[in-house]
Amino acid sequence: MLFRRFYDENLAQASYMLACEKTREAVIVDPNADVAYYTRAAGADRVKITHVTETHIHADFVSGASALARATGATLHLSGAGTGDWVYAREALAAASVVESGSALNVGRTIRLEAIHTPGHTPEHLSFLVYDLDRGPDPVGALTGDFVFVGDVGRPDLLEKAAGAKGSTEALARELYRSIRKFAELPDYLQIWPGHGAGSACGKSLGSMPQSTLGYERLFNWAFAQASEGEFVARVLEDQPVPPRYFAEMKRINRTAGRQTVSATPTVLDAGELDAVIESGATVVDTRTAQSFAAGHVPATINIPLNKSFLNWSGALVPSNRDFYILTDRDTDEAIKEIVTELCKIGLTRLRGIFRADAIQAWKKRHGNLEGVPQMRPAELSSLGTKNGVQVVDVRNPDEWAHGHLPGAIHIPLAALPERVGELDRSAPIVLHCKGGGRSSIAASFLQSQGMSNVSNLVGGYEAWVAKGLEVTRGKAPPRSHRRKK
């Protein structure tokens with residue numbers, strides 16, 4: 001058996017190729033939208049992709065399963081398990097080979113994938129037991145998708161929080177508990193090949209190891225502990241991160257398994273056109289580093305640095321149903337093509353133009369000084385306290401907040417900021433912080449783009465605050481007010 005793991009750092013997402021070395025036939029499991037990536041890999045290994053499948057309807061990236069099947073002439077296999085409104089659409093299943101629990105997918109003469117229904121993260125979720133028939137009749141591993149991760153399990157609340165399936169969370173949590181109990185009966189030696197790693201919003205405490213074994217997870221994964229169903233449900237739902245708002249669109253797109261919109265390579269625009277774009281109200285994303293942005297930027301632009309978190313925060317802050325623009329200091333043709341490809345992975349296809357970094361200095365010549373992001377140090381904030389109505393906003397995840405936060409802080413995770421910005425008092429100073437300063441820098445730029453001028457970033461974030469020995473508070477956030485402030 002030829003086995004390949006593909007890992008996209010920007011999505012914290014794994015997909016897999018398994019091929020029969022005798023017939024050179026291959027199956028791809030859980031491909032993302034970068035179809036050429038898989039066809040190149042197959043060509044390099046001298047195998048032909050004859051089957052394409054996925055474990056479930058993904059929420060965090062555009063599935064490439066149907067596109068890859070069309071491009072290669074492979075058979076597309078989709079789950080027919082599960083019930084309700086958020087399983088695969090009828091037209092998607094009509095164009096695919098439908099897989100049920102117990103179905104076998106044979107690849108060449110030596111590989112068999114056996115589907116097992118593992119609902120909980122989603123109703124239709126399948127895991128695939130992998131058999132290498134050259135070695136023997138027993139499974140060697142399992143492709144677990146978003147069911148079992150290293151150190152964690154898939155969250156059951158996404159369908160309700162991201163797709164709006166009201167009342168589904170607890171029922172899916174209980175299904176997840178039962179799926180895990182059944183899965184735990186398999187042999188300890190079984191290799192576990194999950195669909196995500198650390199950094200994915202599909203769980204809250206995913207490990208960074210690329211694979212595991214069922215025996216190891218039984219020992220160290222909290223979800224396999226001998227807890228009651230009620231205890232499991234409470235823990236799996238506790239402190240889950242806020243899903244980026246693009247998740248809802250991904251579920252809708254991937255449920256139909258249809259053709260996806262592909263963004264054409266955008267035009268590199270003249271620096272003088274930046275004024276008109278900003279005046280139109282379009283989102284302009286400045287992809288420079290947080291330090292460069294803080295030192296000077298064009299007002300009304302948002303800073304989302306080009307790093308491995310770029311897609312996550314772009315999906316959270318950039319509306320998918322409106323035109324947007326990129327301002328970047330990586331302005332070669334190759335770099336621009338890479339930006340477009342990455343954004344298409346999460347359905348952001350309305351990129352209408354690129355501005356080079358020289359547009360910033362051109363704007364400065366026309367209008368005067370650039371805008372900066374003031375940086376506040378922990379000692380300064382500590383002495384300031386809540387005088388003059390200062391609002392300290394913590395943009396970390398719920399589990400981080402529960403472990404400790406600044407006294408009197410307001411908890412608004414970065415992914416929730418677009419929906420909750422109205423809770424902040426525009427007339428009072430705002431100081432933002434996260435763990436180390438990355439997320440809060442993005443949040444500061446977002447608030448500035450919304451017309452809030454008295455915004456600062458806490459240098460070094462919560463870690464710097466704790467390192468100074470300053471006071472922290474532990475426990476849950478109080479119920480938030482829905483009162484909008486002027």
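Is the crossing of helix 5 and helix 7 left-handed or right-handed?

**Figure 1. Contact of helix 5 with helix 7 in the predicted model.** The crossing of these two helices is right-handed. The axes of helix 5 (residues 169-183) and helix 7 (residues 229-237) come within 9 Å, crossing at roughly 115 degrees. Helix 5 contributes Thr 169, Glu 170, Ala 173, Arg 174, Leu 176, Tyr 177, Arg 178 and Ile 180 to the contact, while helix 7 contributes Glu 229, Phe 232, Val 233, Val 236 and Leu 237. By class, the residues of this contact comprise eight nonpolar, one polar and four charged.

**Figure 2. The largest nonpolar core, with 57 residues.** The members that touch the most others are Ile 304, Phe 310, Ile 326, Leu 343, Leu 414, Leu 432 and Leu 447. Among the elements that each supply at least two residues of this core are helix 8 (246-256), helix 12 (333-344), strand 16 (324-328) and helix 17 (438-449). Leaving aside neighbours within four places in sequence, Phe 310 is in contact with Val 285, Thr 287, Ile 304, Pro 305, Ile 326 and Leu 343. Another core, of 24 residues, lies apart from the largest one and includes Leu 2, Ala 41, Leu 76 and Leu 78.

Figure 3. Strand 11 (residues 191-194) and strand 12 run antiparallel and are joined by two bridges. Within this pair, Ile 192 stands opposite Ser 212 of strand 12.

Figure 4. Most residues other than glycine have a negative phi. Asp 30 is buried because its relative accessible area is 3%, under the 20% limit. Arg 46 is exposed because its relative accessible area is 64%, over the 50% limit.

**Figure 5. Asn 321 in the loop between helix 11 and strand 16.** Asn 321 counts as exposed, at 53% relative accessibility. Ser 309 is 12 residues from Asn 321 along the chain, and the C-alpha atoms of the two residues are separated by 21 Å.

Methods: Residues are numbered from 1 along each chain as its sequence is written. This is a predicted model: local features need pLDDT of at least 70, side-chain atom pairs count only at pLDDT 80 or more; totals for chains, interfaces and linings use all residues. Side-chain values use heavy atoms; hydrogens and water are left out. Axes are lines fitted to C-alpha atoms, for helices over the stretch in contact, and angles run from 0 to 180 degrees between N-to-C directions. Helices (H or I, at least four residues) and strands (E, at least two) are DSSP runs, numbered from the N terminus. A crossing is left-handed if the near helix is turned anticlockwise from the far one by less than a right angle, and right-handed if clockwise. Contact means heavy atoms within 4.5 Å. Ala, Val, Leu, Ile, Met, Phe, Trp, Tyr, Cys and Pro count as nonpolar, Asp, Glu, Lys and Arg as charged, and the others, Gly among them, as polar. A nonpolar core is a set of buried Ala, Val, Leu, Ile, Met, Phe, Trp, Tyr and Cys residues joined through side-chain atoms within 4.5 Å. Buried means under 20% relative accessible area, exposed over 50%, partly exposed in between (1.4 Å probe, protein chains only). Two strands pair if DSSP finds at least two bridges between them.
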